[in-house]
Amino acid sequence: MEQIAHEVILKTPSLFSFTQMKDALANASRECLYRVADDRIYKAIPAGQDIHVVEISEAGPAQLRIRIFSETAALPEPETQSEIVRYVTEWFDLDTDLAPFYAIASQDALLKQAIDTYSGLHLPGIPDLFEALCWGIIGQQINLTYAHTLKRRIVEQYGRSAAAGGELYWAFPTPETIAALSVPELKELGISGRKAEYLIDTARMLAEGRLSKKLLQEAGDLKKAEAILVSIRGIGPWTANYVLMRCLKLPSAFPADDVGLHNAIKLLTGMDRKPTRQEVLKLAEPWKGWESYATLYLWRILY
DNA sequence: TTCCAGGTCGGCG
DNA sequence: CGCCGACATGGA
């Protein structure tokens, strides 16, 4: 990476570990929307009219460095810069103070070990609502490896890319692009017919402005935002809560039906079967207000 | 071969 | 309501 257009330093919160974030991100080795190399993370971020490749690294104590690369050496507009900063802030979850969660988790049999092992891990966000919805829909009922394969095919077929340092970086397709597709076109990638319908319908809702991140933010609370999402065909309670967790950053969002969560509970409790829904809700009672972080740490144990 | 994957829908009792 | 088959594909 030669050409450095601009550099921005962000302050990280007190209980934050760049290494934990990097390791968690690096764990999804089949991920196509960012790349982890050495102690740096690279990603193409849409901002303004363009896709900007950024490099994220640790700048010093409690500091994150963002390097914004440009093919033209021109500095990105201030508005574009702040858009990128906002994106990275959500992606690395820099606005959350984990202290209250750790206070709860240190007293919790299931979480105690995890918060110690992964101390400083924040919830990696998916700032783009369309990407978060699609990733949720794609991941329904198939294994994570295959979900990554399908996402890669969609991204490389219909996404946008930018080159930097001899590498190509991809950003997720726009709702407008997917809204214009037909079901057979998505089926060609290995996506089921029904999921193809869900993806195209969701893309249309976003493209036509019938659904937006703002609409969900202004819903007022978790239950209302969840109700909006669940009313959409293809989005059930799991996907709704997954999206509210990863994109809206609602700490009490809780994908209680998640099979990975169930497997983690089974593993940690030594049960010879997966927990029932009632058992999951019972175990989650002490997590109130921090269910999404509890889920994150339990997932981290598995993956 | 069978079963399970970071589920959801639509039909049926 | 709750239950059940269908959905697409791949890894164990």
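How many of the eight residues of strand 3 are buried?

1. Six of the eight residues of strand 3 (residues 40-47) are buried, so the strand is mostly covered. Buried means under 20% relative accessible area, exposed means over 50%, and partly exposed lies in between, with a 1.4 Å probe and protein chains only. Strands are DSSP runs of E with at least two residues, numbered from the N terminus.

2. The model is predicted: local features need pLDDT of at least 70, side-chain atom pairs count only at pLDDT 80 or more, and totals for chains, interfaces and linings use all residues. Residues are numbered from 1 along each chain as its sequence is written, chains are lettered from A and ligands numbered from 1 in the order in which they are written, and side-chain values use heavy atoms, without hydrogens and water.

3. Strand 3 pairs with strand 2 (residues 35-37) in the antiparallel sense over three bridges; two strands pair if DSSP finds at least two bridges between them. Arg35 stands opposite Tyr42 of strand 3. Two residues separate the strands of this hairpin, and in its turn Asp38 has a positive phi of about 55°.

4. Strand 3 also runs antiparallel to strand 4 (residues 50-60), to which seven bridges join it. Ile41 has Ile56 in strand 4 as its bridge partner. This hairpin, too, has two residues between its strands, and Gly48 takes a positive phi near 65°.

5. DNA strand C is surrounded by Gln141, Ile142, Asn143, Tyr146, Gly190, Ser192, Gly193 and Arg194; a residue is near a strand if one of its heavy atoms lies within 4 Å of it. By class, this surface has two nonpolar, five polar and one charged residues. Ala, Val, Leu, Ile, Met, Phe, Trp, Tyr, Cys and Pro count as nonpolar, Asp, Glu, Lys and Arg as charged, and the others, Gly among them, as polar.

6. Of the atoms of DNA strand C within 4 Å of the protein, 62% belong to sugar or phosphate, and the rest to bases. A polar side-chain atom of Arg194 lies 2.9 Å from a base nitrogen of DNA strand C.

7. The whole structure holds one cavity of 30 Å³ or more. On a 1 Å grid over the protein atoms alone, a cavity is a set of points where a 1.4 Å probe fits but cannot get out, and lining residues have an atom within 4 Å of a point. Cys134, Ile138, Ile154, Phe172, Ile178, Leu186 and Leu199 line the largest cavity.

How values were computed: Polar contact = N/O pair within 3.5 Å; in protein donor to acceptor, adjacent residues only side chain to side chain. Helix = DSSP H or I, 4+ residues; strand = E, 2+ residues; numbered from the N terminus. 1 Å grid on protein atoms, 1.4 Å probe; cavity = no way out; pocket = protein on both sides within 12 Å on 5 of 7 lines; lining within 4 Å. Points joined across faces, edges and corners; volume = space filled by probe spheres on them.
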